[in-house]
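Subject: Structure handover

Hi,

Here is the structure for you to look over. My notes follow below it.

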Amino acid sequence: MVKLVRDHLDVMTLAIGDGANDVSMIQAADVGIGIFGQEGMQAVMASDFSISHFKHLKKLLLVHGHWCYTRLSNMTVYFFYKNVAYRDSNIDVFSFGIPMNTLSIFTILAHLAIETKTWGQSFVTLNAMERFFKTDSLLGNWPE
């Protein structure tokens, strides 16, 4: 059923299972969640994420899903910003067409330093300020 929905509706699917009979459904989905159940560990071993009880599913989807989406979108925007900002750097002009020597090694190290600096700064600043909403506000007043 998951494969049918995914292929014909062209959507991303999530499957949740707690036993051996759910393994094929979890593997067919784009994202699989296995729950430790009475039937064993087969669903957990086949899943992308695993939780111990159904009660943790709400927090996994609403809180951690929101934080993951925020991180991915911020890093994508930053990736494009970084590439546009450093597109016109003149550091490559000095070593174009020159065989491997001190200048070309310096150029490689300069690129490495720029990449390390920009990605290092982005991770520190974005991870320090990434949680705009607290866990309680993300969980909200959803029915139990």
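A residue counts as buried under 20% relative accessible area and as exposed over 50%, with partly exposed in between. Keep in mind that this is a predicted model.

By those cut-offs M41 is partly exposed, because its relative accessibility is 41%. M41 sits in the loop between β2 and α3, the latter covering 42-46. M41 also belongs to a nonpolar surface patch with F36 and M45. Together the three have about 330 Å² of accessible area.

G34 is another matter. Its relative accessibility is 0%, so G34 counts as buried. The residue lies in strand β2, residues 31-35. Leaving out residues up to four places away in sequence, G34 touches G17, I26, A43, V44, S47, F49, S50 and I51. D48 is 14 residues from G34 in sequence. In space, the two are 7.6 Å apart, C-alpha to C-alpha.

Now the nonpolar cores. The largest has six residues: V2, A15, I26, A28, A29 and A43. A second, separate core has five residues, among them I33, I35, I51 and L60.

Two members of the largest core, I26 and A43, are also on the contact list of G34.

Last, A15, from the largest core. Again leaving out residues up to four places away in sequence, A15 touches M25, I26, A29, V31, G32 and I33.

Best wishes

How values were computed: Residues numbered from 1 in each chain as written. Predicted model: local features only at pLDDT ≥ 70, side-chain atom pairs only at ≥ 80, totals over all residues. Heavy atoms only, no water. Helix = DSSP H or I, 4+ residues; strand = E, 2+ residues; numbered from the N terminus. Buried < 20%, exposed > 50% of the residue type's maximum accessible area, 1.4 Å probe, protein only. Contact = heavy atoms within 4.5 Å. Core = buried A, V, L, I, M, F, W, Y, C linked by side-chain atoms within 4.5 Å. Patch = residues over 30% accessible without salt bridge, like charges linked within 9 Å, V, L, I, M, F, W, Y side chains within 5 Å. Areas by Shrake-Rupley, 256 points an atom, 1.4 Å probe, with all protein chains shown as cover. Salt bridge = Lys/Arg side-chain N within 4 Å of Asp/Glu carboxyl O.
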